[in-house]
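Student: Could you show me how to read salt bridges in a protein model?
Tutor: Gladly, let us look together.

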Amino acid sequence: MNHQLKTWHEFVETRDAGILDDLLADNVMFHSPFVWKPKEGKLMTAAILTTVAKVFDDFSYIREIAGGNVFGLEFRARIGDLSMHGIDLIEFNDDGKIIDFEVMIRPANALQALGTTMSKKLTEKGLV
């Protein structure tokens with residue numbers, strides 16, 4: 001496992017937002033499973049990632065697929081009583097910063113519940 005990916009796993013375990021400040025590139029693109037157009041920038045991406053880290057229950061990665069600077073991390077989690085299965089696609093630049101982060105989640109009912117909860121939380125933060 002590369003150093004940057006270890007740092008990502010540290011964020012997932014601790015939910016320490018300070019870790020993201022060093023890990024995300026200023027121009028990072030975040031591809032949400034809810035909207036077609038990606039969100040751009042470190043501030044928005046960090047807000048989304050720290051919020052979702054608080055919303056997920058029983059989050060765990062179950063498989064990693066690596067190819068150069070790109071990683072596919074398969075995960076399982078819950079939101080309320082709904083189980084979900086998803087993939088985080090994370091691309092690092094040559095400086096070790098995340099430049100692209102894409103999330104895919106199934107089934108649809110868990111994705112909808114996540115979308116509702118995330119929209120509420122991000123609205124409370126003034127980000128939507």
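**Reading the salt bridges**

Tutor: D21 and K42 form a salt bridge, with their closest N and O atoms 3.5 Å apart. This pair links distant parts of the chain, as D21 sits in helix α2 (residues 17-23) and K42 in helix α3 (residues 42-55), 21 residues apart. The model is predicted: local features need pLDDT of at least 70, side-chain atom pairs count only at pLDDT 80 or more, and totals for chains, interfaces and linings use all residues. Residues are numbered from 1 along each chain as its sequence is written, and side-chain values use heavy atoms, leaving out hydrogens and water.

Student: What is a salt bridge?

Tutor: A side-chain nitrogen of Lys or Arg within 4 Å of a carboxyl oxygen of Asp or Glu. The structure holds four of these salt bridges.

Student: Which strands do D58 and R78 lie in?

Tutor: First, the side chains of D58 and R78 meet in a salt bridge at 2.7 Å, N to O. D58 lies in strand β3 (residues 57-67) and R78 in strand β4 (residues 70-79), so the pair ties together parts 20 residues apart in sequence. Helices (H or I, at least four residues) and strands (E, at least two) are DSSP runs, numbered from the N terminus.

Student: Is E74 buried or exposed?

Tutor: Buried means under 20% relative accessible area, exposed over 50%, and partly exposed in between (1.4 Å probe, protein chains only). E74 is buried, with 12% relative accessible area. Its side chain meets that of R63 in a salt bridge (2.6 Å, N to O), and R63 is partly exposed at 48%.
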